[in-house]
Amino acid sequence: MFHALMWLPMIGSIFLYSKGLRFIPVLIIFLWTVYLSCVNFALPAWLSWMGDLVPENKRGRYFSIRSTICNSVLLTATLLAAVFLDSLKKSNLLFLGFGTLFFFLQWFLDSYQPFY
């Protein structure tokens with residue numbers, strides 16, 4: 001849950017940058033590092049669990065297909081986000097575009113996670 005709350009200061013810092021505070025990019029990099037640290041904290045347990053679930057003779061094929069799909073989706077999403085932000089750059093709404101992307105990304109990530 002903590003990693004989900006890390007998005008709020010990152011989105012808020014974009015609005016502070018538009019107010020003239022120029023140290024905000026460093027703050028965003030720091031917050032992103034904390035976010036990734038929280039997310040990757042469970043990675044060893046997940047990898048061990050997946051190793052137990054996927055039979056050993058099918059692991060290579062399974063993870064290669066999974067990686068191909070994940071990387072294809074990531075590339076497509078990155079290109080669409082770049083086109084979206086570039087279109088908002090011309091109308092001087094770039095910071096609103098970043099906030100919108102952060103909001104929808106968090107909504108998308110939370111919609112696929114089970115509630116405990």
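Which residues make up the largest nonpolar core? In this predicted model, the largest nonpolar core consists of 8 residues, namely Met-6, Trp-7, Met-10, Ile-11, Ile-14, Leu-31, Tyr-35 and Phe-102. A nonpolar core is taken as a set of buried Ala, Val, Leu, Ile, Met, Phe, Trp, Tyr and Cys residues joined through side-chain atoms within 4.5 Å. Buried denotes a relative accessible area under 20%, exposed one over 50%, and partly exposed the range in between, with a 1.4 Å probe and protein chains only. Two or more residues of this core come from each of α2 and α3, and α2 gives the most, with 4 residues. Helices (H or I, at least four residues) and strands (E, at least two) are DSSP runs, numbered from the N terminus.

Residues are numbered from 1 along each chain as its sequence is written. Local features need pLDDT of at least 70 and side-chain atom pairs count only at pLDDT 80 or more, whereas totals for chains, interfaces and linings use all residues, and side-chain values use heavy atoms, with hydrogens and water left out. The pLDDT is the predictor's confidence in each residue, on a scale from 0 to 100. Its mean over the protein is 83, and 94% of the residues reach 70 or more. Among the elements, helix α1 (residues 2–5) has the lowest mean pLDDT, 70, and helix α5 (residues 59–90) has the highest, 91.

Two packed helices are described by the angle between their axes and the distance between the axes. Axes are lines fitted to C-alpha atoms, for helices over the stretch in contact, and angles run from 0 to 180 degrees between N-to-C directions. Helix α2 (residues 7–18) and helix α3 (residues 24–40) have axes that come within 10 Å and cross at roughly 175 degrees. The pair α2 and α3 is therefore roughly antiparallel; angles under 35 degrees count as roughly parallel, over 145 as roughly antiparallel, 65 to 115 as roughly perpendicular and the rest as oblique. On the α2 side, the contact (heavy atoms within 4.5 Å) is made by Trp-7, Pro-9, Met-10, Ser-13, Ile-14, Leu-16 and Tyr-17. The α3 side contributes Ile-24, Pro-25, Leu-27, Ile-28, Leu-31, Trp-32 and Tyr-35. By class, the contact of α2 with α3 holds 13 nonpolar residues, 1 polar and no charged. Ala, Val, Leu, Ile, Met, Phe, Trp, Tyr, Cys and Pro count as nonpolar, Asp, Glu, Lys and Arg as charged, and the others, Gly among them, as polar.

The axes of α2 and α6 also come within 10 Å, crossing at roughly 175 degrees, and α2 is thus roughly antiparallel to α6. Trp-7, Ile-11, Ile-14, Tyr-17 and Ser-18 of α2 meet Phe-95, Phe-98, Gly-99, Phe-102, Phe-103, Leu-105 and Gln-106 of α6. This contact of α2 with α6 comprises 9 nonpolar, 3 polar and no charged residues.

Within helix α3, Leu-31 is buried at 9% relative accessibility. Leaving aside residues up to four places away in sequence, Leu-31 touches Met-6, Pro-9 and Met-10. Leu-36, in helix α3, is partly exposed at 33%; its C-alpha atom is 9.7 Å from that of Met-6, 30 residues apart along the chain. Leu-109 of helix α6 is partly exposed at 30% relative accessibility.

Asn-92 lies in the loop between α5 and α6 (94–111). Asn-92 has a positive phi of about 65 degrees although it is not a glycine, and is exposed, with a relative accessible area of 70%.
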